[in-house]
Amino acid sequence: QSTWAGCTPPAQLQNRKSAIQLQELYTFIINLLKMNYLRGISSGWQTAASEKPSVTETVDKLCDRATTSTLLEDRRDAARGLKSLSKKYRLEVGTQAMPVIVDLLKLDREDTEIVGYLVNTLNNIMSQNSEEDTESDGEQYKREVVNAAEELGVQFTEMFLKNEENVDIAVSLLDEFDFQIRWPTVKLLTTMLINARSQLQSLILVRPMGVSKLMDLLSDSREIIRNDSIILLDQLVKGNAAIQKIVAFENAFDKILNIIEEEGNASGGVIVEDCLHLLLNLLHQNSSNQTFFKEGSFIHRLSEFFSVSGPSGALR
């Protein structure tokens with residue numbers, strides 16, 4: 001005992017060393033368990049990501065929900081989902097959902113929210129605008145994307161117009177005064193006229209009050225609808241003498257000139273430009289409309305465009 005006085009005996013040193021080793025082993029095991037746990041979470045994330053449904057599967061589920069659900073709110077959610085996908089995934093939504101959209105328009109005609117979603121969806125899939133990002137690509141690729149978008153829009157428009165009942169549905173939606181139905185319907189009809197003008201012109205022409213309903217849009221108190229209806233009518237009358245005559249005898253000249261005067265004539269900007277373009281299409285190579293325009297004393301109302309007086313009335 002005197003030999004180890006003031007020193008730690010070998011047995012205690014051994015015990016302390018063992019305790020340190022056990023602590024290190026314990027820490028190692030804990031860290032190992034943590035790493036495995038984190039790997040498990042990461043693997044779970046990767047599995048979840050790999051199991052994410054494709055766009056086709058998502059559209060199919062939305063269509064199934066829209067057709068089988070007995071709850072209005074479920075069908076409304078399905079319509080909202082189709083609209084949210086329709087700009088970026090036009091091909092999938094158009095090919096899978098077109099019949100479902102038409103059926104839902106008939107079923108839930110009284111629900112303005114559902115109808116608004118569905119009409120916007122139709123407009124998105126028929127539109128010639130592409131959501132694909134082409135900023136970093138070459139000009140040739142951009143042109144190919146634009147051409148593909150135009151062709152896709154034309155194909156979906158022709159698919160929709162094959163059933164004449166669909167035209168009745170679209171035109172009848174103009175009877176709704178609700179903004180979220182009437183405005184997208186105006187845009188949808190304009191898009192279809194751009195894509196398949198002669199076909200839709202023929203279908204509207206044989207529908208009772210078809211042209212008249214479109215003409216009534218010029219009297220809408222909401223400027224955005226009135227302004228877009230000018231563009232719609234401009235597309236409608238192009239190259240069709242029969243429709244041009246009907247529009248003219250629906251008091252179109254007076255209504256268009258009233259809008260021009262309200263917008264400030266020559267200082268009216270793009271709205272006046274659209275009105276003048278519509279007047280031009282109504283009069284171009286249409287002797288009947290030209291005679292009606294001259295005899296109706298409309299020419300003098302265009303004289304303001306040639307005024308050279310300043311704000312105070314003095315010549316400048």
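Predicted model: local features only at pLDDT ≥ 70, side-chain atom pairs only at ≥ 80, totals over all residues.
Me: What does the side chain of Asp 77 meet in a salt bridge?
Reply: The side chain of Arg 80, with 2.5 Å from N to O.

Me: Where do Arg 80 and Asp 77 lie?
Reply: Both are in helix α3, which covers residues 72–86. They are three residues apart, about one turn of the helix.

Me: And Arg 80, buried or partly exposed?
Reply: Arg 80 counts as partly exposed, with 32% relative accessibility.

Me: Which Glu forms a salt bridge with Arg 80?
Reply: Glu 113 does, and the closest N and O atoms are 3.3 Å apart. Glu 113 sits in helix α5 (residues 112–126) while Arg 80 is in helix α3, so this pair ties together parts 33 residues apart in sequence. Glu 113 is partly exposed at 26% relative accessibility.

Me: What does Asp 74 form a salt bridge with?
Reply: Arg 65, the closest N and O atoms being 3.3 Å apart. Asp 74 is partly exposed, with a relative accessible area of 23%. Arg 65 is also partly exposed, with 33%.

Me: Which residues are linked in the network of salt bridges?
Reply: The network links Arg 65, Glu 73, Asp 74, Arg 76, Asp 77, Arg 80, Asp 111 and Glu 113.

Me: How many salt bridges does the count come to?
Reply: The count comes to 19 salt bridges.

Me: New topic. Where is Ala 66 found?
Reply: Ala 66 belongs to helix α2, residues 55–68.

Me: Why does Ala 66 count as buried?
Reply: Its relative accessible area is 3%, and buried means under 20%, so Ala 66 falls in that class.

Me: What does Ala 66 touch?
Reply: Leaving out residues up to four places away in sequence, Ala 66 touches Arg 75, Ala 78, Val 100 and Leu 104.

Me: What separates the C-alpha atoms of Ala 66 and Arg 76?
Reply: They are separated by 7.9 Å, with the two residues 10 apart along the chain.

Me: Last one, Ser 172. Which helix?
Reply: Helix α7, which runs over residues 164–172.

Me: Ser 172, buried or exposed?
Reply: Ser 172 counts as buried, at 16% relative accessibility. Not counting residues up to four places away in sequence, Ser 172 touches Arg 109 and Lys 213.

Conventions
Residues numbered from 1 in each chain as written. Heavy atoms only, no water. Helix = DSSP H or I, 4+ residues; strand = E, 2+ residues; numbered from the N terminus. Buried < 20%, exposed > 50% of the residue type's maximum accessible area, 1.4 Å probe, protein only. Contact = heavy atoms within 4.5 Å. Salt bridge = Lys/Arg side-chain N within 4 Å of Asp/Glu carboxyl O.
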